[in-house]
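Me: Could you take a look at this one with me? I have a few quick things to ask.

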Amino acid sequence: MEKKYGVYICKGCGIEKAIDIEKLSKNAAKGAKVPEEIVKNHAVLCSPEGLELIKSDIKEGTNTIVIAACSPRVKYEEFDFPGTITERVNIRELVAWSQQPNTEEAQMTAADYLRIGIIKVQKGTLPEPNVLEDLSKTILVVGGGISGLSASLEAANAGYQVVLVEKEAELGGWAAKLYKEVPRQYPYEKLDDPIIFSKIKEVESNLNIKVFKSAVVEKTEGQPGLLDVTIRNNGTSETIRVGSVIMASGWKPYDAAKLGYLGYGKPNVITSVQMEEMAKKGKIIRPSDGKEAKKVAFIQCAGSRDQNHLPYCSSFCCATSLKQAKYVREKNSDAIAMIFYKDIRTPGQSEIFYKNMQNDPGVLLTKADVTGISDAGNSSLFVEAENALLGEKIKVEADLVVLAIGVVPSTRAPQEYLDGLTEAQKKGDVAKNAYLETTPKPEFILNLDYRQGPEIPSLEGAYGFADSNFICFQYETRRTGIYAAGCVRQPMNISEAQLDAAGTAMKAIQCVEHVAKGIAVHPRAWDITFPDPLLIKCTACKRCTEECPFGAIDEDEKGIPFYKINRCRRCGTCMGACPERIVSFKDYSVDMIGSMLKSVEVPDEGLRIIALACENDAYPALDSAAINRKQLHPSVRFIPVRCLGSTNLVWVADAFSRGIDGLILLGCKYGENYQCHFVKGSELANYRFSKVQETLDKLQLESERCQLIQIAISDYDKLPDMINDFVNRIEEIGPNPFKGL
Amino acid sequence: MTEQIIKPDLNFINDVISSGGESLKKCFQCATCSVVCNVTPDDKPFPRKEMLHAQWGLKDKLLSNPDIWLCHQCSDCTAYCPRGAKPGEVLGAIRKLSLQHYSSPKFLAKMAGDIKYFLLLFAAPVLIFLTYLGITGKLDFANVPKDPVKGIVFSKLIPTTFFIDPVFIAAAAFAVIVFARGIIRYWNDMSRNAGTKGGNIIGAAISAITEILAHRRFNKCEVTKGRSISHILVFYSFVGLAITTTWALIYLYGPIAMKFLGMEPFKWLLGESPYPLTDPMKILGNASAAALALGILLVIFNRIKNSAKAGIGSYYDWLFIGIVFFVMATGILSEVFRLMDIAGLAYPTYIAHLSFVLFLFAYAPFSKMAHMVYRATAMIFAKQAGRE
């Protein structure tokens with residue numbers, strides 16, 4: 001494609017009042033070596049007239065467009081010109097709204113940004129999507145409980161083929177074991193019959209859904225769109241190609257055997273799961289003598305919100321106990337149900353059910369720390385509690401005690417096993433073999449063929465749930481194309497699980513559709529570019545394969561990497577990792593960013609600092625600061641990067657050799673509560689830059705000139721000061737000694 | 001720290017609910033009530049703990065609890081309760097159950113608290129007077145002689161000395177005995193529960209009575225501010241009427257007693273009623289009646305005005321208010337009809353008046369009338385136990 005350039009400067013939203021547009025136009029043409037006549041301006045570029053100006057040029061053949069106006073984070077629909085290379089230069093937020101208007105600094109900043117933008121399109125090429133062949137749009141659902149069945153129906157009703165794998169002989173999971181359900185409809189008074197059986201019927205009669213019962217996933221190979229799943233069923237194995245996976249493998253109740261201190265083991269102490277079975281059979285009785293239970297005590301948070309057991313809240317146990325209290329009351333109006341809670345937590349509409357149940361004279365509630373269960377003689381029990389509102393130390397007689405037991409995700413056992421294996425591996429082969437021999441292997445769920453392990457990886461603070469910590473994208477796991485629904489993701493009730501399943505089905509559909517068009521799925525769900533390494537120069541160092549957070553890169557027997565491109569999230573971590581700088585995207589490459597930062601004009605007097613800003617959190621934070629009219633230091637030029645993981649060390653040399661005085665990396669928080677959209681980009685950048693600082697020291701360049709700042713989007717108000725502090729430190733250190741060389 | 005054994009009682013929970021505490025179970029123990037209450041002590045404040053105890057049916061902790069009477073049902077708690085649990089109403093219900101618990105015979109206690117038995121209870125005093133009239137043939141009012149000077153004289157319908165006084169003395173004696181038994185049991189229970197040796201009872205009694213006379217606690221109410229005025233009017237009108245009654249007894253029996261002692265009766269001892277309107281005793285009586293009328297109408301008006309915030313109250317409350325109202329209304333009308341000399345209206349109204357007054361006296365220990373005795377007792381107990 002022969003490039004025909006067009007540069008458009010908007011004067012609206014206060015830009016004209018802060019910047020001399022004529023001067024900027026001339027400067028752009030000069031600095032970036034484009035003919036002056038292609039630089040145009042308009043009072044309101046996003047207006048129909050302004051857009052027409054651009055569109056008429058496109059008709060005339062203009063195909064490479066630079067728009068100097070507002071932030072690329074706004075007006076993206078207006079400034080969308082398919083078939084062109086379009087770059088947005090942010091002179092509204094980063095100049096007009098955050099610099100002293102009509103100063104030489106503001107003018108220079110705008111000129112720098114415009115030049116950077118022109119260089120970028122000069123270096124870029126028009127991307128074309130990479131669509132793989134033989135793609136499948138079938139969706140695999142693992143788990144046939146309420147989440148899995150709902151997800152299957154959602155996907156099937158949207159017209160997709162679904163393969164549903166259930167390990168039990170019957171569909172339904174826990175939801176099929178319930179006697180009744182918490183009321184689903186206003187006024188939330190009457191218990192509902194389980195909804196699951198109608199779902200099972202619907203699934204079994206749906207022609208789009210193929211059901212495998214008593215089946216497990218033996219292996220999951222490949223990449224989204226091309227996932228080959230081996231299903232073992234009745235001793236035979238079958239491989240099916242699917243496009244994406246919904247993991248709805250559910251939960252297990254916490255092991256009540258560990259709750260001896262709450263009396264588990266005594267005949268009249270049962271779990272909430274056993275209570276459902278009992279209610280289903282008929283009467284609420286004391287197992288010890290079969291007599292009707294008249295005083296039933298419910299112990300909430302039995303092993304939950306307890307550092308020694310499950311540290312988290314399982315969200316639905318309070319509503320479950322209230323429901324079971326209703327079993328007690330409905331089956332015998334003389335019986336009482338006593339609920340001992342830490343806090344009653346009934347999220348959503350179950351709060352109304354709680355209020356209704358509280359109104360029942362025979363449902364007695366008290367906040368209390370239950371310390372134990374003791375014998376009261378005659379097989380009766382005493383619930384012993386402290387810090388109750390009823391008294392500092394109390395004893396209440398009960399003839400049946402129900403422990404409201406928490407949720408353990410099905411992913412926890414495999415995660416713990418695999419983490420243990422990793423630990424053993426670190427100690428050597430002997431320890432590893434000993435571990436394999438002595439540790440029983442739990443049921444695996446997906447058996448992924450991934451270099452990073454066969455299951456969804458564990459996450460500190462996620463307690464074994466299939467969580468990604470992608471706080472804004474709840475169904476995402478850290479494996480592209482695999483989405484978690486229901487209690488495997490977080491504890492939730494039946495209604496929530498159905499909503500969750502619908503959300504997950506949408507994500508799974510989005511995945512297969514994007515893959516079919518060669519578009520990234522998450523979080524860059526518009527991106528058709530992809531990493532395209534120049535493999536002739538590859539030294540087989542394996543850094544890219546090791547660092548890719550999504551296992552998208554494997555190496556062949558010679559150690560040469562190859563991409564499973566549909567696993568790729570286009571963060572550019574491989575591009576940042578590669579010491580040979582051979583990984584490029586059509587609109588993002590080491591050379592491109594290097595050229596952009598080299599194009600920043602370095603003044604003879606005063607400092608010039610470059611900030612590489614992660615475009616997921618840091619860059620929006622800059623925009624927010626500007627929207628709030630916070631001043632950004634005029635010495636700093638902000639260049640967005642896909643992820644700090646994509647920052648290549650050569651950019652440091654590029655910047656400092658040009659005489660730049662300091663380099664800031666603005667990235668996401670990392671560690672346990674990371675907020676990186678690509679899991680560990682900023683962490684990797686930090687690691688790489690700790691190495692570069694040694695080099696800087698050798699060059700007699702103070703290592704403090706290069707710093708990484710972790711910032712969350714909500715820190716926008718603190719960001720200008722963080723930047724000012726950095727600039728002040730550079731001022732103390734003095735100018736870059738290489739300046740002017 | 002002693003371990004308490006909690007014994008929930010579902011029947012008691014249902015009793016509280018059916019006695020006017022139907023909102024009881026709504027309470028979710030946020031303690032807003034105890035925070036907004038101006039009359040509770042700071043230590044172990046009410047009504048939060050009473051709400052919880054009632055929700056769990058802990059009868060023993062409630063019935064013998066002095067705190068239920070320290071509450072003056074300002075209804076600040078009810079107005080501010082975020083869940084509509086109306087602690088003020090619930091405490092009212094608990095007080096009713098406590099009164100019933102301490103008064104005997106039990107069947108009367110039960111009947112006084114249940115609308116089903118109202119007619120039966122009311123029939124007793126009515127029948128007493130009608131029976132007398134039937135026997136003496138005075139049901140036909142034409143047989144009741146009029147005084148040539150004074151006109152209608154009620155003692156000619158029913159003689160004061162030979163019928164009314166014995167009946168009322170018996171009723172009063174019954175009430176006093178029932179009250180005494182109840183109060184002794186209540187005091188003993190409170191002492192046992194509090195585990196205190198007991199302080200200065202005389203000092204506490206003086207302090208409590210001054211507080212009652214000044215209505216100091218009532219004045220701390222916010223939502224139902226006007227209640228202290230209406231209660232003062234009703235309270236002091238009862239005091240006035242008590243003085244009037246005593247005075248009348250002196251007028252009636254003074255001359256007889258003096259003659260019996262061989263003395264010449266004083267001139268101002270007027271003897272048989274009715275007395276002239278200008279007599280100081282009559283002035284006090286009429287003024288008290290007017291105050292009672294104003295007071296009880298204000299009570300009713302305030303109740304209705306505050307019902308959205310404070311609740312409308314239970315049958316138990318309204319029975320008491322209603323009886324006082326009719327005592328007042330029939331009393332005033334009897335006098336008016338008598339002065340207007342309309343025998344056909346005056347006599348039935350008077351019979352009704354006697355019946356209402358007897359109702360009030362005889363059932364006092366079982367009705368809300370008993371609050372004056374129990375509240376005073378609880379206040380004295382609390383003061384001597386140092387619970388302010």
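Predicted model: local features only at pLDDT ≥ 70, side-chain atom pairs only at ≥ 80, totals over all residues.

Me: What helices and strands are there in chain B?
Reply: Chain B has 16 helices and 1 strand, counted as DSSP runs numbered from the N terminus, with helices (H or I) of at least four residues and strands (E) of at least two. Its radius of gyration, taken over C-alpha atoms, is 23 Å, close to the 21 Å that the globule rule (2.2 Å times the number of residues to the power 0.38) gives for 388 residues, so chain B is as compact as a globular protein of that length.

Me: OK, how many residues does each chain put into the contact?
Reply: Chain B gives 17 residues and chain A gives 18, contact meaning C-beta atoms, placed from the backbone, within 7 Å.

Me: And which element of chain B gives the most to that side?
Reply: H1(B) does, with 4 residues.

Me: What about strand pairing across the chains?
Reply: Strand S19 (residues 391–398) of chain A pairs with S1(B) in the parallel sense over 3 bridges, pairing requiring at least two bridges found by DSSP; within S1(B), Ile5(B) is the bridge partner of Lys395(A).

Key: Residues numbered from 1 in each chain as written. Chains lettered and ligands numbered in written order. Contact = placed C-beta atoms within 7 Å.
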